[in-house]
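Colleague: I would like a close look at one part of this model. Please take the aromatic residues and the core around them.

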Amino acid sequence: MDPDAIRVRPLLAVTSLIAVLGIGAGGGAWWAASRGASTGSPRSTAVIAGPTARGAGALAVSTAVTFVFRAPGASRVSLVGDFNGWDPEATPLKRATLGDTWIAQVPLERGLHAYAFVIDGSDWAADPSAPLAPEASFGRRNSLVVVGEGDPL
């Protein structure tokens with residue numbers, strides 16, 4: 001047993017995670033809409049839109065999640081996660097009109113997804129506005145996003 005571990009009841013942890021994601025998404029949407037002032041440090045957010053069916057008669061439902069990441073001085077930024085095999089080439093972000101802001105919209109299925117951003121092909125960064133995964137993977141912490149509302153995951 002790790003003496004530094006923090007123990008939290010699962011229901012409290014999920015409720016807290018959803019609350020933090022809601023606050024982060026709202027703040028990120030506000031920031032993206034107002035095109036906040038540059039502070040020189042990376043910032044990001046994941047904004048979750050409504051569900052859409054994937055193809056005629058499809059049972060799986062995906063939800064469009066918009067990822068926004070601010071990386072001053074970056075020449076390219078990509079999104080990696082459990083939804084794209086952690087492949088830095090699979091989901092490149094597009095530079096927004098505000099030069100240091102990068103955006104990608106990704107259809108994700110309902111559930112909990114771990115992700116990170118890759119800056120210039122080598123620097124991995126967690127999302128500063130999202131909760132971190134409880135365990136480090138390959139020596140780095142990843143961010144979490146919950147997709148879906150209502151019924152338990």
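Is Trp 124 buried, partly exposed or exposed, and why?

Modeller: A caution before the details: this is a predicted model. Trp 124 counts as partly exposed, because its relative accessibility is 29%. Buried would need under 20%, and exposed over 50%. Trp 86 also counts as partly exposed, because its relative accessibility is 29%.

These two tryptophans belong together. A pair of aromatic rings is described by the distance of the centres and the angle of the planes. The structure holds 6 aromatic pairs. In one of them, the ring centres of Trp 86 and Trp 124 are 6.4 Å apart. Their planes meet at 20 degrees, so the pair is stacked; the cut-off for stacking is under 30 degrees. The pair links distant parts of the chain. Trp 86 lies in the loop between β3 and β4, and Trp 124 in strand β7 (residues 123-125). The two are 38 residues apart.

Now compare Tyr 115 and Phe 117. Their ring centres are 5.9 Å apart and their planes stand at 90 degrees, so this pair is edge-to-face. Both Tyr 115 and Phe 117 are buried.

The largest nonpolar core has 19 residues. Phe 67, Phe 69, Val 77, Leu 93 and Phe 117 have the most contacts inside it. At least two core residues come from each of β2 (61-70), β3 (77-81), β5 (101-109), β6 (111-119) and β8 (143-147). The largest share is that of β5, with 4 residues.

Strand pairing shows how β5 is placed. β2 and β5 pair in the antiparallel sense over 9 bridges. Within β5, Ala 104 is the bridge partner of Phe 67. β5 also pairs with β4 (residues 94-95), again antiparallel, over 2 bridges. There, Arg 95 stands opposite Trp 102 of β5. β4 and β5 form a hairpin, with 5 residues between them.

One more residue deserves attention. Ile 119 is found in strand β6. It counts as buried because its relative accessibility is 14%. Leaving out residues up to four places away in sequence, Ile 119 touches Phe 69, Ala 74, Arg 76 and Ala 125. Ala 74 is 45 residues away from Ile 119 along the chain, yet their C-alpha atoms are separated by 6.5 Å.

Key. Residues are numbered from 1 along each chain as its sequence is written. This is a predicted model: local features need pLDDT of at least 70, side-chain atom pairs count only at pLDDT 80 or more; totals for chains, interfaces and linings use all residues. Side-chain values use heavy atoms; hydrogens and water are left out. A nonpolar core is a set of buried Ala, Val, Leu, Ile, Met, Phe, Trp, Tyr and Cys residues joined through side-chain atoms within 4.5 Å. Buried means under 20% relative accessible area, exposed over 50%, partly exposed in between (1.4 Å probe, protein chains only). Two strands pair if DSSP finds at least two bridges between them. Contact means heavy atoms within 4.5 Å. Rings of Phe, Tyr and Trp (its six-membered ring) pair if their centres lie within 6.5 Å; planes under 30 degrees apart count as stacked, over 60 as edge-to-face and the rest as tilted.
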